[in-house]
Protein chains: 2
Amino acid sequence: MTNAALTTDEALFQFLLRLGDNTLILSHRVSEWCGHAPVIEEDIALANTALDLIGQTQFWLGLAGEVEGKGRSADQIAYLRDAWDFRNLLLVERPNGDFGKTLMRQFLFDAWQSLMLAKLMKSTNIRIAEIAEKASKEVAYHVERSADTVVGLGDGTPESHARMQTALDDLYPYVGEMFIGDAVDAALVKDGIAPDPASLRNDWDDLVGRVMAEATLTIPQKPFAHVGGKSGTHTEHLGYVLADMQFLQRAYPGAEW
Amino acid sequence: MTNAALTTDEALFQFLLRLGDNTLILSHRVSEWCGHAPVIEEDIALANTALDLIGQTQFWLGLAGEVEGKGRSADQIAYLRDAWDFRNLLLVERPNGDFGKTLMRQFLFDAWQSLMLAKLMKSTNIRIAEIAEKASKEVAYHVERSADTVVGLGDGTPESHARMQTALDDLYPYVGEMFIGDAVDAALVKDGIAPDPASLRNDWDDLVGRVMAEATLTIPQKPFAHVGGKSGTHTEHLGYVLADMQFLQRAYPGAEW
C-alpha cells in the first residue's frame, strides 16, 4: 500500500479495522477464560472486560462498514473475513498463557488504548470522537484494574513475581508495533483524524514504567519489535482464534439471535 | 432411536458414520502433533498414522454417503456436519495431552480397531469386508507401534512410567463405550453385517492386559464408562476439533484441490 494511492476514506477504513480488530480479537482471547479464571470475582471481571471490548468492536467495525460503503455490517466484517484481512496488533492475538500473562497483555494494551482514545476524543472526525469518548470510560477502568493486578502479582510471591517477569519478557517484543506508523496513519494525521502512533510512546513508557516499578518488574531493554498485524501479516495463532470465533456464522450463514 | 423404527440401511448408515467418525476425529487429533513431536522419526510416524486414518475415513464415509442415498460425498459428511451429528467414540476426541498420553489413546483404540476390523472382514456386506481387509493391514502396524511405545515409556524412567500410568487412568473411563451395543449394533448383528461390540471385550482385555503387564502399568479396576459419542452426545472438545477441522470448507464452500 503506497501513500500516493491511499485516499482518506481508504486510510480511514483501514484505521477503523485496526481499532475494531484489536478489541475483537482481544475480546475473544479474554472470553476464553470464561469459567476458567482462578476465582469467581476475576472470572466475572474478565467476562465484563470481554463484553466491553466486543461493544467497542461493534462501534468501530460498524463505522468501518459505513466508511467502506459496501453495505457490510459489523457482524459480517467480524465473522466473514479470513486472517489476511485482519488488522489487529500481533499483541492481542498472543495466546493467554496463565492468568498473570493474560493480565500483563491486558495492561500493556489498556495503557496504549487509554492514550489512543484520549487522542481520538479530539479527532476531527466527530463519529470517531464520540466512540472514543464512550469507550474511554470503560478503558479507564480496564487500565486501573489490569495495572492493579500486574502490581499485585509482580510484587507478590516469588512464584507470581517470576511468572509476571516471564510474561513481560515474552510480550514485550509485541509492544513496539503499537507505536510504528505507516501510510494509513500518515494519511489520517494530516487531517487531524488520528494521532501519529509514535506520539503515544513517551506517555506509555511513563505509565508502564511507573506500574512496572511498583510491580518490582524489569522492563526489557531490547528494542526489537515484531510487526505485521496492522497490515495483515499474522501469526499462526490468529487462524485458530478465527476458526473458533467464526464457526457459528460460517456453519450457519446469516444466523441471528 | 428405537429398534422397531430402525431399518437395516438406517442402522448401516449410523454404523458407517461411527467407523468413519472414529478415524476422522482421531486422525485430526494425531495430525495436531505435526511438527511438534519429540523427535523427527515420531513426527513422521504420527503424520503417517493420521494419513492412514484419513484414508480409512474416505472409505467409511464414502460408503456411508452411498448407503444414505442423498448424494453426499465423504467430504461433505466430514466437513459439513455439526457436533451432534458425529458418531465417534468419546475416546478419540480426548485432547492429546503429552506424547505418552497420545500414544496410550492410540493403543487403546488400535487394539479395539484391529479386533473390530478382523470381525468386519467376515461381514456379509462385501463392501464393508473389503474396506476392513484393506484397513486391517494398516492397523496391524498401528497397534504394533503404539504397543511398543506404551511398553517403552511405561517400563521406562520413573517420569515416563508415572505419565503413562496417569494417561491410562485418565483414558480408561472412555474405553467401555467401545463394547456397549445399542439398537444400531443389534440390527446389524442380526444380518451378520457387524459383530456385537461386547464380543470384542475378552480379546481386547487379553491384548491390552499383556501389553500393560509388559509396560508395568496397572489397569484401573473401575468399571465406570463415559458414553454418548456413538449416539451424538459429545464432550466440549469435539466442537473445538470441528471448528479447526472444518474451517476451510465452511469459509470456502465447495473448495477443491
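**View 1. Lining of the second largest pocket in the predicted model.** By class, this lining comprises 14 nonpolar, 7 polar and 3 charged residues (nonpolar: Ala, Val, Leu, Ile, Met, Phe, Trp, Tyr, Cys and Pro; charged: Asp, Glu, Lys and Arg; polar: the others, Gly among them). Of its 24 lining residues, A:Ile54, A:Tyr79, A:Met245, A:Leu248 and A:Trp257 lie nearest the centre. A pocket is an open set of points on a 1 Å grid over the protein atoms alone, where a 1.4 Å probe fits, with protein on both sides within 12 Å along at least five of seven lines; lining residues have an atom within 4 Å of a point. The model is predicted: local features need pLDDT of at least 70, side-chain atom pairs count only at pLDDT 80 or more, and totals for chains, interfaces and linings use all residues. Residues are numbered from 1 along each chain as its sequence is written, chains are lettered from A in the order in which they are written, and side-chain values use heavy atoms, without hydrogens and water.

**View 2. Salt bridge between A:Asp21 and A:Arg81****.** The closest N and O atoms are 2.7 Å apart (salt bridge: a side-chain nitrogen of Lys or Arg within 4 Å of a carboxyl oxygen of Asp or Glu). A:Asp21 is buried, with a relative accessible area of 0%, and A:Arg81 is buried at 3% (buried: under 20%; exposed: over 50%; partly exposed: in between; 1.4 Å probe, protein chains only).

**View 3. Salt bridge between A:Arg163 and A:Asp98****.** The N to O distance is 3.0 Å. A:Arg163 is partly exposed, with a relative accessible area of 43%, and A:Asp98 is partly exposed at 25%.
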